[in-house]
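Let's take a look at how two protein chains can meet. Have the sequence and the 3D view open while you read.

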Amino acid sequence: MGNKALNMIVLLSRTVSPEASLVVESGQVFVEESNFIINPPDAISLEEALQLKEKYDGKITVLMVSGKEGEKQLRTALAMGADEAVLMECSPKEDEPSIIAKKINDYLQSVNFDLILAGDFSTDGASSQVGPRIAALLDIPFITKTICINQEERNAIVKRNGDGDIETFRVPFPFLVTIPQGLHVPRLPSLSGIMKAKKKPLLFKQSKEISNINNLKQYSYPNLKRKQTNIQGETQEKVVTLAKLLKSLQ
Amino acid sequence: MKEKIIILGEYQQGNPSSITLECITAAKQLQREAEISLLLMGDEVKKDVSDLEQYDVDQMIIVENPFLSRFSSEMYSKALLSIWNQLQPTILLCGHTDIGKAISPYLSEKVDIPLYSNVEDFESYERKLYFTRSVYSGKLMERVEVNEPTFLVTIKPKKWEAAPKKVGRKNIIRTMEVTIEKPISSLIGLEQKKLDSVGLVDAKIIVGAGRGIQNEEGFALVTKLAELLGGTVGVSRGAVELGLCDATLQLGQTGKTVAPDLYIACGISGAIQHLVGVTSAKTIIAINKDPKAPIFEVADYGVIGDVFDIIPALIKELDNTTI
């Protein structure tokens with residue numbers, strides 16, 4: 001039996017660029033729209049999907065739950081090589097992982113797919129919840145920290161980065177994976193990719209509002225400062241002081 | 001009825017992992033009038049884990065099943081769901097580790113109970129509970145009001161002290177059965193990783209390597225220094241991007257969180273994404289040739305200088321003084 005062309009869904013979110021500075025006023029965060037990017041861990045999982053498509057052929061749909069502004073990041077994903085994009089609109093209040101997962105699930109109920117790829121976490125919320133939640137809602141297997149996907153007799157052979165060893169699983173389609181940090185450096189959109197992206201389908205979907213008891217959240221800057229003693233002198237003097245310090249600490 | 005807190009335990013080489021002992025401390029800090037149970041799942045837990053009676057909890061819950069011999073998200077999620085349904089606890093507490101991260105969202109969705117992830121501080125104020133977490137790449141702290149009496153929570157490693165053993169204690173050991181259907185996914189292979197990153201999280205001394213170590217030669221120097229001090233090497237993203245080592249050694253928001261007694265940052269500029277993984281270190285020493293590097297602001301001791309000058313001289317000095 002040959003390999004199957006893979007119908008892939010890549011979950012994207014938009015986050016604030018790690019380089020951007022954040023303004024906190026009265027405990028709330030203010031971010032300029034221009035500072036939003038594709039969540040970097042999600043860009044890595046998109047890169048994995050693009051490489052799988054190059055190897056096995058297939059289709060990549062990028063799916064995002066956000067306000068209309070998310071179109072910009074979806075266009076970037078299309079320019080990187082995704083085939084189509086879906087934006088599930090949500091209100092700014094609907095930002096909890098459980099709500100996002102339910103909205104994604106709503107959409108996935110009506111489409112076919114072999115594989116869902118998600119980033120390990122979002123650099124903003126850092127809760128790592130959405131991927132496993134969707135697997136729970138869809139009742140499909142999920143494998144976290146996936147580092148390699150191959151096919152064998154129409155099953156997937158998935159390697160994951162366990163804490164001690166590299167583990168290999170055989171798993172039937174469909175299933176969900178989360179991709180760890182550092183697996184790939186995501187490609188940049190090419191000029192021709194940007195041109196093509198303009199003609200690729202981008203669907204806006206409405207979804208019913210999910211009521212949410214919003215827990216009150218306050219933001220502040222972390223305090224990281226320490227005593228900052230500067231060890232001075234010529235190289236040798238510094239080294240002698242440092243060696244003494246190391247002995248005293250042990 | 002008395003509330004129940006369940007701690008999802010993890011263990012390695014016969015002992016609970018440090019994160020599990022940290023969960024015990026955190027559970028006590030919640031100050032509920034609750035019975036605290038430590039849950040251990042595995043194939044032969046009673047044979048594998050020593051001193052089961054001596055952990056500072058009210059009872060141990062042991063779940064043994066051949067399908068649980070090794071962590072798999074599918075099996076562990078299903079087992080945990082079965083245990084939740086049988087015991088109906090008030091709170092489930094686990095580490096924000098590979099295991100906790102994978103199965104707590106699954107459980108949260110299945111039982112429709114809220115999950116607070118990667119929490120690093122609990123606070124009670126005017127009878128209200130607040131959780132603090134690091135967000136926006138470590139640039140901000142988020143303080144959330146917890147309204148629900150029943151919840152799941154994963155805690156960030158190394159933020160609570162590990163609970164000591166209570167010698168002479170006699171815990172109730174309760175054995176529970178779970179029925180697990182044959183898994184859909186099956187483990188068909190294991191291979192050892194090239195670089196051993198297992199000890200990194202619990203290391204007492206870590207020498208950090210960043211972009212400033214530049215090449216294989218620099219990495220060898222850092223490794224030598226770590227060996228000499230009886231420590232191990234951790235890296236920033238810069239070193240991973242230089243291709244000098246595997247991402248499993250990475251410290252920071254996208255890597256591991258550590259709390260060694262001593263962290264020596266070599267050629268690390270101190271991007272916030274890296275710092276959030278190491279700021280729990282007791283003492284931080286920074287070596288960097290750029291006097292303006294932000295790492296110096298968060299260091300106890302700073303040495304301005306080229307790592308290629310300082311580290312070889314330091315190795316020599318340490319060698320001389322030991323003999």
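This is a predicted model: local features need pLDDT of at least 70, side-chain atom pairs count only at pLDDT 80 or more; totals for chains, interfaces and linings use all residues.

Residues are numbered from 1 along each chain as its sequence is written, chains are lettered from A and ligands numbered from 1 in the order in which they are written, and side-chain values use heavy atoms, with hydrogens and water left out.

Start with the interface of chain B and chain A:

| Feature | Value |
|---|---|
| Residues of chain B in contact with chain A (heavy atoms within 4.5 Å) | 83 residues |
| Residues of chain A in contact with chain B | 76 residues |
| Salt bridges (Lys or Arg side-chain nitrogen within 4 Å of an Asp or Glu carboxyl oxygen) | 9 salt bridges |

One salt bridge links Asp139(A) and Lys110(B), with the closest N and O atoms 3.0 Å apart.

Now for the sheet. Its 4 strands form an open sheet in the order 10(A)-11(A)-12(A)-12(B), paired antiparallel; strands here are DSSP runs (E, at least two residues), numbered from the N terminus, and two of them pair if DSSP finds at least two bridges between them. Strand 10 (146-152) of chain A and strand 12 of chain B are at the edges with a single partner strand each, so one side of each has no neighbour in the sheet.

Where do the chains join? Strand 12 (residues 165-172) of chain A and strand 12 (residues 186-192) of chain B are joined by 6 bridges. Here Asp165(A) has Gln192(B) as its bridge partner. Within chain A, strand 11 (residues 155-161) pairs with strand 12 over 7 bridges, and Lys159(A) stands opposite Thr168(A).
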